[in-house]
Amino acid sequence: MSSGSSSRSTSPSSDSEWSQKENKMFEEALAYYGVSAPNLWEKVASAMGGTKSAEEVRRHFQILVDDVNSIEHGRIPFPKYKTQGFWT
């Protein structure tokens, strides 16, 4: 996922952008259902109001997993987020 306001869907049937709102709905639906839920991609797509297909949702999740794995294995640097608090 990019650090910008949207990321690219890699679905061959759709070259649509993911808005911040769609990303938030995606994250909330994943948190609600959990990654081991049966028919997860269909449930998440439905929870998003049908703006993305189950396949687009699955691919978006795979991109997220790949990005996290790349960061954890040092293949790409950890993103530098602007944060506030005593740790900055």
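**Group meeting: a walk through the predicted model**

Hi everyone. Among contacts in this chain (heavy atoms within 4.5 Å) between residues at least 6 apart in sequence, 38% join residues at least 24 apart. Before I go on: this is a predicted model, where local features need pLDDT of at least 70, side-chain atom pairs count only at pLDDT 80 or more, and totals for chains, interfaces and linings use all residues. Residues are numbered from 1 along each chain as its sequence is written, and side-chain values use heavy atoms, leaving out hydrogens and water.

Now the layout. Along the sequence the pattern is β-β-α-α-α, with helices (H or I, at least four residues) and strands (E, at least two) taken as DSSP runs numbered from the N terminus. Of the 88 residues, 25% are buried, meaning under 20% relative accessible area with a 1.4 Å probe, protein chains only.

What about the core? The largest nonpolar core has 11 residues, including Trp18, Phe26, Leu40, Met48 and Phe61; such a core is a set of buried Ala, Val, Leu, Ile, Met, Phe, Trp, Tyr and Cys residues joined through side-chain atoms within 4.5 Å. Helix 1 (20–33), helix 2 (40–47) and helix 3 each give two or more residues to this core.

My last stop is Glu56, in helix 3 (residues 54–72). A polar atom of the Glu56 side chain does lie 2.7 Å from the backbone nitrogen of Ser53.

Definitions and conventions. A polar contact is a pair of N or O atoms within 3.5 Å; within protein, one must be able to donate a hydrogen and the other to accept it, and residues adjacent in sequence count only if both atoms are side-chain atoms. Buried means under 20% relative accessible area, exposed over 50%, partly exposed in between (1.4 Å probe, protein chains only).
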